[in-house]
Amino acid sequence: MKKSTRILLFALGLAFLLASSTQAFAEAKYRMKVASVGSETHPSSMALVEMKKFVEDKTGKNLEVSLYLNSALGADRQITEGMQLGTIECGVIGTTNLANFEPKFNVFDLPFLFKSKEAAYKSIDGEIGKTLDAALRAQGLRIIGWGVNGYRHITNNRGPITKPEDLKGLKIRCMENPVHVATFKRMGANPTPMSFSELYTALAQKTVDAQENPINLVYSSKFYEVQKFYSLTGHLFAVVPLVVSDRWFEGLPKDIQAAVLEGGKLYQKRERAINEKQEKGMLEEMKKMGLQVNELTPQQKKAFIEVTLPIYDQFKDRIGADMVELAKKANQ
């Protein structure tokens with residue numbers, strides 16, 4: 001065999017080995033599909049973009065992170081079930097949806113649970129957060145970061161809401177959640193569970209008179225176009241954890257697990273900061289657009305708290321008395 005032929009065969013063999021090695025690396029590469037119902041400008045989505053870059057850089061791009069926003073992989077329930085089935089690795093899921101899988105999460109649906117944003121952070125970053133994460137493991141899920149949507153407030157076309165009597169007979173869209181429905185009934189309103197995707201049209205056509213959502217959702221959904229008044233009742237504090245499939249997580253190498261957990265902490269820190277900044281700017285913009293915003297005094301809020309107190313006993317068995325007490329400790 002000629003020397004040139006041997007060199008050519010060696011080169012071809014080396015090229016084959018390199019190609020095979022590259023293919024094997026590509027097949028061994030880990031992937032993380034992250035799903036959310038939020039738009040690109042939602043605080044959770046913006047924080048996910050930062051998390052994606054961090055995790056990919058931290059793992060030398062051995063973990064490829066793909067973001068699927070705007071309900072591209074379905075609503076919260078479909079995303080949660082996808083993580084259980086192993087078709088989705090990670091998702092931003094509201095606690096109201098997680099309560100369908102673990103009733104303890106209904107603790108966040110109790111009215112006026114947290115007296116301040118700081119109390120809410122203290123609660124979810126402390127014992128209550130650890131307890132809920134542990135409970136969720138039985139469903140094959142793990143929380144790696146606690147994001148928030150902030151306080152939920154009421155919009156309507158009738159007038160400012162300053163006392164429970166102002167809600168009497170008001171047909172208000174609420175989430176399909178028994179605690180929410182019972183809460184608004186206690187305040188004298190006529191709660192109407194409805195899909196969020198139908199809400200703008202329902203408000204425009206006056207199928208419902210009012211709705212309740214955090215500032216960023218009122219702004220991004222342009223509810224100020226079909227509602228005149230926004231009362232900062234702060235009756236609920238919305239929490240949106242970043243969740244992963246526990247089976248997927250346990251199958252990762254330790255160094256990639258560590259990067260994912262660090263990414264979750266980054267998501268938590270950035271999501272909260274972005275949400276707080278957006279809330280201030282968005283509220284001012286909506287005021288300029290003609291939305292009449294009113295805050296409640298401590299005395300006015302006290303009247304709402306007193307009228308909704310029976311909700312705690314009504315749902316204590318469903319949520320767990322221990323969970324309610326844990327949450328209350330955050331206010332101390």
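About 860 Å³ of space lies in the second largest pocket of this predicted model; a pocket here is an open set of points on a 1 Å grid over the protein atoms alone, where a 1.4 Å probe fits, with protein on both sides within 12 Å along at least five of seven lines. The largest pocket has a volume of about 1100 Å³, a volume being the space filled by probe spheres set on grid points joined across faces, edges and corners. Local features need pLDDT of at least 70, side-chain atom pairs count only at pLDDT 80 or more, and totals for chains, interfaces and linings use all residues. Residues are numbered from 1 along each chain as its sequence is written, and side-chain values use heavy atoms, with hydrogens and water left out.

**Second largest pocket**
- The lining (residues with an atom within 4 Å of a point) has 35 residues, of which K115, S116, Y151, G234 and K301 are the closest to the centre.
- Two or more lining residues come from each of α5 (117-125), β4, β8, α11 and α12 (298-308); helices are DSSP runs of H or I with at least four residues, strands are runs of E with at least two, and both are numbered from the N terminus.
- α11 gives the largest share of this lining, seven residues.
- The lining has 16 nonpolar, eight polar and eleven charged residues, where Ala, Val, Leu, Ile, Met, Phe, Trp, Tyr, Cys and Pro count as nonpolar, Asp, Glu, Lys and Arg as charged, and the others, Gly among them, as polar.

**Largest pocket**
- The volume of the largest pocket is about 1100 Å³, and of its 44 lining residues V37, D76, R173, M175 and F196 are the closest to the centre.
- At least two lining residues come from each of α2 (43-58), α3 (76-85), α4 (95-98), β4 (141-156), α9 (215-220), β8 (229-245) and α11 (254-288).
- β8 gives the most to the lining of the largest pocket, five residues.
- By class, this lining has 16 nonpolar, 22 polar and six charged residues.

**Packing of α2 and α11**
- The axes of α2 and α11 are 8 Å apart at an angle of about 150°; axes are lines fitted to C-alpha atoms, for helices over the stretch in contact, and angles run from 0 to 180 degrees between N-to-C directions.
- α2 is therefore roughly antiparallel to α11, the term for angles over 145 degrees.
- The contact (heavy atoms within 4.5 Å) includes M46, L48 and F54 of α2 and L266, Y267 and I274 of α11.
- Eleven nonpolar, five polar and five charged residues make up the contact of α2 with α11.

**Packing of α5 and α11**
- The axes of α5 and α11 cross at roughly 165° and come within 14 Å, so the two helices are roughly antiparallel to each other.
- K117, Y121, I124 and D125 of α5 meet Q268, R272 and E276 of α11.
- This contact of α5 with α11 has two nonpolar, one polar and four charged residues.

Key: Parallel < 35°, antiparallel > 145°, perpendicular 65-115°, else oblique.
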